[in-house]
Amino acid sequence: MGHVIPGNILTAILCICASVANAQTNAYSYVQQMIKGEVLNKNTRAPIPSAEVKVKKTDSKNEYSVRTDEKGIFLINPKDLTSFTLEVKKFGYETYHSPMYNLKDDVGVNYNLGEITLVPTIVYPPPPDTVKRTPEEFLERKFAELDMLPTASAYTLLYALNPELKDIKLVEPGYKLILPKIPVMPPEQKKSFSDHFKQDSREDESLQFVLKDSIDYCKKLYNDFLFTVNINYKGASRDTTRRILELINKDLADYGREVRRTRKAKAIELIKLINGCCIILNRCLEKRVITYQDFFYLQHIGLQLALVLPSEISRKYYSETGPVSKAPSLEWGGQGPSITWSSYKDETTGEDFFENTRALRAFNVAIYLSKNGQVISEGDEVLKRFRVVCYPPALTGVEATRRECDSPATFAYITLSNAPYEFMVFDLRTGRQMKFVKDNADSEVISTEDAFREFAKTLMGVNQFQIPIYIKE
Amino acid sequence: MIGMGTILQYRVAFITALFAIFGGALTLLLQIDEMETYYRSLAPLLALVVSLFISFMLKMKWSTKARNFLKVIISVLFGLLLIAVYMYTKFFLKATFPFRDSEDKVAYYVKGDKDSYTQVATDFRKKNPGITSDAEMIRMGFEGPHNKRYAWTEESISNNILWLITGYCIVVILFVGAVSFLSEILSLKYPKSTKRSSAPKKRGKNNKDEE
């Protein structure tokens, strides 16, 4: 007994097999005849998906478009093509215009156009510093990154932590600097923060939901913004705007995760930031215009988010560029002068929004104690031990002009004008005046000028600058 | 539209308003916050008093001689005004120091004389010989102009304030005087006399007869 396959079924199977084989052969030959090309990012060599490739026939006005796939590959049907040019477009890249291709001569037997590279127009974070610098210049840049005033104490402190720096003439860009440990908060301040957070979760639970809503709303607006292709970019360059919005969106996403994780932390402050962002984006969408002022606000929010979260990408973007200009690489309008933070200083429009007080800046005084060759910035040796007093240099003996930090010792706050001040430190335990490491002096004159290049207040609240004071036992 | 005749008819009010603007403009020009109230209020007040006084003094029958005499007075007043403006500017620069704030705006503050430095200021200048100007001294050693009383004696500062106000008053009085006299002469073209006796319609016609 054998299996007998009915003749008609066998015929059908054979027919199907034959047709599949035929179809495969046809498909193979069809692919073989398509003109192939690959679109890559010129900088990263990464394939660019969804790029629009416009084929323009030179012998007629006909043109049609195809798109690249995930691997950046596009295929063009050579039917009716004799000579043609390509125009490759992708948002965020410069449009590529190819030379004229002749099907017989240029495309070749493989029908392969090869690689087409697009130049990105989006401003990416500046490349890492590759310049060798003198130790002073190198440290100056570090101070700017750390929001630390470049005082004599600050220099002495960093030299004490990195003694080999003194012997180096030019510091390599990748040099790993041992940074001062930021002093811990005194217990009272910790308690104050903790109380705030407890209160936040107990009384303002609704705030957390509002916060989450704000984030979602902002993300929605952001997406709308990006896809509003007809938006009239007035002033700001499209790519720069997009870049800022991308940063904000990324930070918002990071922040959303952060909030979901911590729930309580910094909710009140951050909600202001998010709401500010929402208002601006909404205004841009309504007017279909991004103005200079809004551009400035968004950039500022970007910086604040970078500082608060902090996300690597935006922190790098905003802080790698030196002491004066926090974000100088941002373009403005493509043709105009680039905008830097130093030029924002002249802009009065942003001031009301951020409620800046120009006459004063807030500082926190961080004490670093040098003892037995070690630098101590926390623990009982430092905390609650010192009283910091400052006064205008000429008015040492005038009690009325003296300023004292609001709490003894490290991490105390003080508000100062744009002027030099002479600082003195007293040991509360013994009552004696401490000596500064620099020149073994009783006091040190510190100018607050650098802090006045930055804003006094941000959406997050008061902008603080660190005054390091390096004393010895 | 207001014609010249109307302006001259209400010349006292016009001059007062003019000097109110002058006071405000001068405050903006000199950027001296401490003196702003004086400058703003004194100018229109003096203008009102002086122009009223001049108007009152000149209520008389006009003659060519009197008019020529007035012309001489105006010339002298303008001459004196120029000298007063020069002297006042000179004194202003001597008695004030410019201070650039954190907004990069320059404002002027009244200081004391050089020989009225306090001991603190003298010591500070000795310690810092590189500091050559008072503005620099105030910035580097005294935090800002609000502490200037520690750099100069109160008496010296008050003295300079007094002189600045006096000088300003002299400039305004001379200026108002010159303008008032000028307006009185110009108004002669229209009325018969400064005494308000005839109707405005006849004013133009009778001018010739009087002379």
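This note goes through chain A as a whole, one of its sheets, a strand pair and a helix of chain B in a predicted model.

1. Conventions. The model is predicted: local features need pLDDT of at least 70 and side-chain atom pairs count only at pLDDT 80 or more, while totals for chains, interfaces and linings use all residues. Residues are numbered from 1 along each chain as its sequence is written, and chains are lettered from A and ligands numbered from 1 in the order in which they are written.

2. Chain A overall. Eleven helices and 19 strands make up the count for chain A; helices (H or I, at least four residues) and strands (E, at least two) are DSSP runs, numbered from the N terminus. Of the 473 residues in chain A, 29% are buried. Buried means 20 or more other C-beta atoms within 10 Å of the residue's own, exposed 12 or fewer, and partly exposed in between, with C-beta atoms placed from the backbone. Among contacts in chain A with a separation of 6 or more, 72% join residues 24 or more positions apart; a contact requires C-beta atoms, placed from the backbone, within 7 Å.

3. A three-stranded sheet. In chain A, strands in the order β4-β1-β8 form an open sheet with mixed pairing; two strands pair if DSSP finds at least two bridges between them. Its edge strands, β4 (73-76) and β8 (112-118) of chain A, each pair on one side only. Neighbouring strands of the sheet are turned by 25° against each other on average, direction ignored, using axes fitted as lines to C-alpha atoms and angles that run from 0 to 180 degrees between N-to-C directions. β1 (residues 35-41) of chain A runs parallel to β8(A), joined by six bridges. A:E38 has A:E115 of β8(A) as its bridge partner.

4. An antiparallel pair. Strand β14 (residues 420-427) of chain A is joined to β16(A) by five bridges, and the two run antiparallel. A:M424 has A:S443 of β16(A) as its bridge partner. In β16 (residues 443-447) of chain A, A:E444 and A:I446 form the covered face, and A:S443, A:V445 and A:S447 the uncovered one. In a regular strand, side chains alternate between the two faces of the sheet.

5. Helix α2 of chain B. The buried residues of α2(B) are B:R11, B:V12, B:I15, B:T16, B:F19, B:F22 and B:G23. They cover an arc of only 130° around the axis, which puts them on the same side of α2(B); the arc is that of the directions from the helix axis to the C-beta atoms. Exposed residues B:I21 and B:L28 sit on the face turned away from the buried side of α2(B). Just after α2(B), B:Q31 has a positive phi of about 50°.

Conventions: Two residues are in contact if their C-beta atoms, placed from the backbone, lie within 7 Å.
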